[in-house]
Amino acid sequence: MIDAIDYQLIAAVQTGLPIAARPYAAIAEQLAIAEQDVIERLARLKTQGLIKRWGVVVKHRQLGYRANAMIVMDVPDDRVARVGALISQQACVNLCYQRPRQGEIWPYNLYCMIHGKTRDVVLEQWAELRHACNLCEYPFEVLFSRRCFKQRGALYARPNRDGAVPSIAGESRTEEIKNKQSFGMHFA
């Protein structure tokens, strides 16, 4: 069960932690609660599955990684969990997840992202990954990105014009937050 402060906390961290020596203290001050309370509430929300994970969004193009490809594969459903877990352990894979197939139009159900400084590097990494994970039997496509869009997680509340985080009221909001989690299975 979550309360109004939990909703405010989710809204406060959804766009990232403040750049401060003690970011949890800054959030605590904003919400008028103790820093330790912020830390404990975030841990509980993660345990409950309302916060799926903490992560960093790296601006890979600014770091010189100009090529990235989404590899889409058609893996038998009874093997996808094992194959996804294996792929996600590879150093060159940035993310790996399962999504439902879309019939004959889109037969792919397992996706992984590989970044590289050039297309050739990405293709070399994919070839090594296919061999290392024994993926040669699965149909696939390599889809290189043409444009880069802003990356961020889902937003559940928008700050006011003055930057204050509004309270999100109502029990139905709990289910809404749970339902907005990825509809795919992520492998970590």
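Tutor: Let us begin with one residue. At 14% relative accessibility, Q14 counts as buried; buried means under 20% relative accessible area, exposed over 50%, and partly exposed in between, with a 1.4 Å probe and protein chains only. Q14 is found in the loop between α1 and α2. The C-alpha atoms of Q14 and L155 are separated by 6.2 Å, although the two residues are 141 residues apart along the chain.

Student: What kind of model is this, and how are its residues numbered?

Tutor: This is a predicted model, in which local features need pLDDT of at least 70 and side-chain atom pairs count only at pLDDT 80 or more, while totals for chains, interfaces and linings use all residues. Residues are numbered from 1 along each chain as its sequence is written, and side-chain values use heavy atoms, with hydrogens and water left out.

Student: How many helices and strands does the protein chain have?

Tutor: Helices (H or I, at least four residues) and strands (E, at least two) are DSSP runs, numbered from the N terminus. Here the chain has six helices and five strands. Along the sequence they follow the pattern α-α-α-β-α-β-β-α-β-α-β. Of the 188 residues of the protein chain, 36% count as buried.

Student: How does one describe two helices that pack together?

Tutor: Two packed helices are described by the angle between their axes and the distance between the axes. Axes are lines fitted to C-alpha atoms, for helices over the stretch in contact, and angles run from 0 to 180 degrees between N-to-C directions. Angles under 35 degrees count as roughly parallel, over 145 as roughly antiparallel, 65 to 115 as roughly perpendicular and the rest as oblique. In this model, the axes of helix α1 (residues 4-13) and helix α3 (residues 35-47) come within 11 Å and cross at roughly 90°, so α1 and α3 are roughly perpendicular to each other.

Student: Which residues of α1 and α3 meet?

Tutor: Contact means heavy atoms within 4.5 Å. On the α1 side the residues are I5, D6, L9, I10 and V13, and they meet V38, R41, L42, R44 and L45 in α3. These residues divide into seven nonpolar, no polar and three charged. In this division Ala, Val, Leu, Ile, Met, Phe, Trp, Tyr, Cys and Pro count as nonpolar, Asp, Glu, Lys and Arg as charged, and the others, Gly among them, as polar.

Student: At what angle do α2 and α3 cross?

Tutor: The axes of helix α2 (residues 23-31) and α3 cross at roughly 100° and come within 8 Å; α2 and α3 are therefore roughly perpendicular to each other. Y24, A25, I27 and A28 in α2 meet E35, V38, I39 and L42 in α3. The contact of α2 with α3 comprises seven nonpolar residues, no polar ones and one charged.

Student: Is A28 buried or exposed?

Tutor: A28 is buried, with a relative accessible area of 2%. Leaving aside neighbours within four places in sequence, A28 is in contact with I33, A34, E35 and V38.

Student: What is a nonpolar core, and which residues have the most contacts inside the largest one?

Tutor: A nonpolar core is a set of buried Ala, Val, Leu, Ile, Met, Phe, Trp, Tyr and Cys residues joined through side-chain atoms within 4.5 Å. The largest has 21 residues, and M73, I87, L110, C112, L129 and L135 have the most contacts inside it. The elements that give two or more residues to this core are β1 (67-73), α4 (80-88), β2 (93-98), β3 (110-116) and α5 (119-132). The most comes from β1, with four residues. A second, separate core of 16 residues includes V13, A28, I33 and V38.

Student: How many disulfides are found in the whole structure?

Tutor: A disulfide is a pair of cysteine sulfur atoms within 2.5 Å. A search of the whole structure finds zero. For C96, the closest cysteine sulfur is that of C112, at 5.7 Å, which is too far for a bond. C96 is buried at 2% relative accessibility, whereas C136 is exposed at 51%.
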